[in-house]
Each structure stands twice: as C-alpha cells, then as structure tokens.
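I opened a new notebook page for this chain. My plan is to go from the overall picture to single residues and write down what I look up.

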Amino acid sequence: MRRLLAAAGALVVSTAVAGCADVPPGEPTGALAVVVGARSNMPPVDLDGVAGQVLGNAVDTQARVSFVVADGAPFVLATTQLETVGEDSAAWQASEAENLQQLRNSIASAAARSPEADLLAALGMAAGEIASAPGKRVVLVADSGLSTAGPLDFRRPGLLDADPGDVVASLQAAGSLPDLRGVHLVFQGLGDTAAPQPALSGVTRDQLVELWTAIGLAAGALDVNVERSPLEGEPAPGFPPVSVVSPGGGLTCTANTVVLGGGDVSFQADTAAFQDAAAAAAKLQPIADRMQAAGVTATLTGTTADVGDEEGQRQLSEQRAQAVADLLGGLGVPAERMTVVGLGSDFPGYVQDRDGSGTLDPAAAAQNRKVTIELVGAGPAVCA
C-alpha cells in the first residue's frame with residue numbers, strides 16, 4: 001500500500017503557485033473540475049494543502065472550472081471561465097484574489113439534491129466536463145469517499161474491507177471505471193466523517209485511500225495525489241439523507257467465539273502480514289488478557305476466499321491463523337494453549353464469492369478472509 005501511495009503522489013505542489021499577478025496575465029489555459037461531496041455524513045469542505053493550491057493554480061492560468069456535486073445522482077452545478085482583468089499589477093492581484101474567493105464560495109455553497117452518494121459517477125462526469133479542454137486538466141475531489149450508490153456501494157458487507165486490487169479488477173471487468181485519461185487527480189477528505197457516520201479506524205481509512213488511488217490510476221489518471229489535512233465540522237442541516245456505512249469488519253464476538261475480519265486486524269493482500277501490527281495488537285489485547293486465565297484454551301481457524309489453488313488457500317489461511325496466535329503469544333498467551341488450523345475456502349459458512357462466470361466478488365471474498373478464535377474455559381463475555 002505504501003508503495004502505491006508513494007508512486008501516486010507525483011502531482012505535488014508544482015500544480016499550484018499563486019500570486020504571480022505582477023506580470024500581465026497570459027492567455028487562459030487548462031481546466032479544473034471540482035467534485036464536492038456537500039452532503040450528509042461528511043464534514044463541510046474547506047480545501048487545504050495541495051488541494052487548496054490547485055485552486056490557486058486554476059486562478060493563475062485562468063482555467064475553465066466546472067463544479068460537480070457527488071450526491072446519489074451527481075450533477076454539474078456550474079461552469080465558469082476564470083479571467084484576470086485590470087490595467088496594472090494591483091488590479092490583476094485584486095482580480096485574482098476575487099476569482100479565488102469566488103471559487104471557494106462556489107465550493108462552500110454547493111449542496112446535494114438527492115439521497116446517497118455516488119462518487120464513481122461524479123468522477124466520470126467531472127472528467128467528461130473537461131475532456132476537450134486544452135492544456136493541463138485537473139479533477140479535484142473533496143469527498144469522504146464513502147459511496148452508497150452505484151457500482152461502488154460501501155453498504156455491501158465486506159466491500160470496505162475488500163482488497164483494493166480485487167475491487168479495481170471487478171470494476172474493470174464490469175466496465176464501471178470512469179475515463180480519467182490525461183487527468184491529474186487530487187483528493188481531500190477521504191475517510192473524513194460526520195455524525196451519524198461512525199469514524200473509520202486508521203487502517204480502514206488507509207485502505208480507502210489506497211482504493212481510490214488505485215481506481216484513479218486504473219482509470220487512466222496521469223497521477224493521483226491525496227491531501228491528508230482532514231475536513232472537520234458538522235454538515236449544514238437539511239441535506240438529503242445518506243446511509244451509514246459500517247466502518248469495517250474488525251473484531252466481533254458471539255459467546256466464546258471471536259472473529260477477526262478486516263478493519264484493524266486485516267492482512268496485507270496475499271500474505272500473513274498484518275496491515276498494521278500495532279493496531280491489531282491493541283485490538284486483541286483484551287482478548288489476550290482474558291485468555292491468560294488458568295485453564296483457557298483456544299482453536300484458531302483461518303479461512304480465505306476462493307483465490308488460487310486449494311492447497312495455496314489452505315496454507316495462507318493457516319499462516320494467517322498462526323500470525324494471530326503469534327501476536328497473542330506476544331501479548332502473554334501461552335503458545336501451548338493454542339491450536340492453529342487452516343481451512344482455505346472449504347468451511348461451514350463460506351460465502352459464495354464467484355459468480356456463474358467465475359468472476360470474483362470482492363465484497364464476498366472479504367467476508368471469507370477471517371480468523372476465528374474459539375475459546376474453551378474463558379467464561380462469558382469474552383470481548384467485554
């Protein structure tokens with residue numbers, strides 16, 4: 001994931017250097033499409049860092065600017081041609097300052113019209129708005145990334161925990177990727193939430209960033225840059241409703257059974273390495289504390305999706321179960337009290353993760369990638 005994010009950050013600050021109004025303005029060039037969430041469940045938009053610099057660059061180049069609102073039925077709010085006017089440097093500077101403020105005002109005043117959120121469709125619409133423009137083309141996205149409509153609906157169980165590579169492959173196979181060829185793509189706000197949407201864990205937020213980065217690159221964007229300065233605050237009242245997205249699988253308990261699936265206890269794709277070992281340890285510490293009581297034993301069973309051959313699936317699922325056992329051992333649980341088993345994709349409760357043509361369903365596959373801890377002698381409320 002870190003390699004992908006590093007490779008995607010090629011836009012950097014070279015896209016925006018405002019305040020050059022001491023020379024006469026040149027001919028207008030380039031285009032900017034701003035995709036704004038402007039809806040329930042996410043903070044208001046106040047662009048900062050690289051995202052804010054993109055606005056300054058649009059003013060400098062007198063770009064054509066379109067605004068797209070990413071609600072459940074994305075729409076073009078407005079299109080304007082920036083123009084620097086005046087007879088001297090003072091007038092040019094004043095004109096640029098006014099244009100920049102108008103850009104920010106347009107973003108701040110945007111508002112959803114339809115329930116839910118379809119960022120994938122909004123991306124395609126934004127790129128289409130500037131497809132024929134000469135010069136540099138930038139799509140700037142101010143959105144939480146938590147879509148609840150269209151082909152990328154995070155209300156589906158498992159989708160937020162799905163491997164980004166699987167999700168991109170599924171979107172490509174379905175012809176659902178937007179056409180971002182020749183576009184520089186910038187995000188701010190990914191993973192930022194407002195009530196009633198629960199906050200995302202650090203691991204889930206990073207996975208969401210990785211997914212949208214991968215989508216942008218697979219869709220043909222020249223580069224993808226993610227501004228990490230958070231969007232904060234409460235949305236304006238009166239927006240259409242947006243469904244709450246479960247913030248990831250993580251850890252669930254029923255009686256003396258603990259299931260680890262996604263969230264802070266997720267694994268890197270095709271490996272038995274945790275996405276964030278420290279986060280996984282913190283999540284498992286209360287379980288380890290309970291397991292240290294005398295007489296408590298556990299069977300750790302790994303399962304996985306139907307990817308690769310059966311023996312490879314079994315080995316990977318066993319290795320992941322062993323990784324959990326090793327982590328619990330490091331937290332003080334005696335190794336001799338734990339038994340490790342790997343079942344691959346052949347287990348009770350397996351969720352069918354391929355369709356009739358054999359295409360992998362990323363959300364279903366994520367539900368099959370888990371480690372189950374069955375405890376004996378731990379007493380009630382093991383996750384309390």
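**Entry 1: a helix pair.** I am working from a predicted model. I began with H5 and H6, where H5 passes H6 in a right-handed crossing. I looked up the geometry next, since two packed helices are described by the angle between their axes and the distance between the axes. For H5 (residues 164–173) and H6 (residues 202–218) the angle is about 35°, and the axes are 9 Å apart. On the H5 side I listed Pro164, Val167, Val168, Leu171 and Gln172. Their counterparts in H6 are Gln207, Glu210, Leu211, Ala214, Ile215 and Ala218. I sorted the residues of this contact by type and got 8 nonpolar, 2 polar and 1 charged.

**Entry 2: the whole chain.** I then stepped back to the chain totals. I find 9 helices and 11 strands in the protein chain. Along the principal axes, the C-alpha atoms fill a box of roughly 85 × 40 × 35 Å. Of the 384 residues, 48% are buried. I also checked the contacts between residues at least 6 apart in sequence: 80% of them join residues at least 24 apart.

**Entry 3: nonpolar cores.** In soluble globular proteins, nonpolar side chains tend to be buried together. I looked for such groups here, and the largest nonpolar core has 43 residues. Val35, Val139, Leu152, Phe154, Leu185, Trp212 and Ile215 have the most contacts inside this core. The elements that give two or more residues to the core are S1 (31–36), H4 (119–129), S4 (137–142), H5, S5, H6 and H9 (362–368). Apart from this core I noted another, of 27 residues, with Ala38, Leu47, Val50 and Phe67 among them.

I followed up tryptophan 212. Not counting residues up to four places away in sequence, tryptophan 212 touches Leu119, Leu120 and Leu123, among others. The list of its contacts also includes Gly145, Ser147, Leu152, Phe154, Phe187 and Leu190.

**Entry 4: which side of H4 is buried?** I asked which residues in H4 are buried. They are Leu119, Leu120, Ala122, Leu123, Ala126 and Ala127. These residues are on the same side of H4, because they cover an arc of only 160° around the axis. I recorded the packing partners of the buried residues of H4 as S1, S2 (64–69), S4, H5, S5 and H6.

**Entry 5: backbone exceptions.** Most residues other than glycine have a negative phi, and most peptide bonds are trans. I went looking for departures from this. Alanine 38 has a positive phi of about 45°, and asparagine 41 has one of about 75°. Alanine 38 lies in the loop between S1 and H2 (49–60), and I place asparagine 41 in the loop between S1 and H2 as well. I checked accessibility for each. Alanine 38 counts as buried because its relative accessibility is 10%, under the 20% limit. Asparagine 41, at 8%, counts as buried too.

For the peptide bonds, I noted a cis bond joining alanine 195 and proline 196, with omega about 5°. Proline 196 is found in the loop between S5 and H6.

Entry 6: Is arginine 181 buried or exposed? Arginine 181 counts as exposed, because its relative accessibility of 61% is over 50%. I find arginine 181 in the loop between H5 and S5 (184–188). Leaving aside neighbours within four places in sequence, arginine 181 is in contact with Arg137, Ala219 and Gly220.

Aspartate 166 is found in H5 and counts as buried at 17% relative accessibility. Not counting residues up to four places away, I list Leu360, Pro362 and Arg369 as touched by aspartate 166.

Glutamate 96 is found in H3 (residues 89–109) and is buried, with a relative accessible area of 10%.

How values were computed
Residues are numbered from 1 along each chain as its sequence is written. This is a predicted model: local features need pLDDT of at least 70, side-chain atom pairs count only at pLDDT 80 or more; totals for chains, interfaces and linings use all residues. Side-chain values use heavy atoms; hydrogens and water are left out. Axes are lines fitted to C-alpha atoms, for helices over the stretch in contact, and angles run from 0 to 180 degrees between N-to-C directions. Helices (H or I, at least four residues) and strands (E, at least two) are DSSP runs, numbered from the N terminus. A crossing is left-handed if the near helix is turned anticlockwise from the far one by less than a right angle, and right-handed if clockwise. Contact means heavy atoms within 4.5 Å. Ala, Val, Leu, Ile, Met, Phe, Trp, Tyr, Cys and Pro count as nonpolar, Asp, Glu, Lys and Arg as charged, and the others, Gly among them, as polar. Buried means under 20% relative accessible area, exposed over 50%, partly exposed in between (1.4 Å probe, protein chains only). A nonpolar core is a set of buried Ala, Val, Leu, Ile, Met, Phe, Trp, Tyr and Cys residues joined through side-chain atoms within 4.5 Å. The arc is that of the directions from the helix axis to the C-beta atoms.
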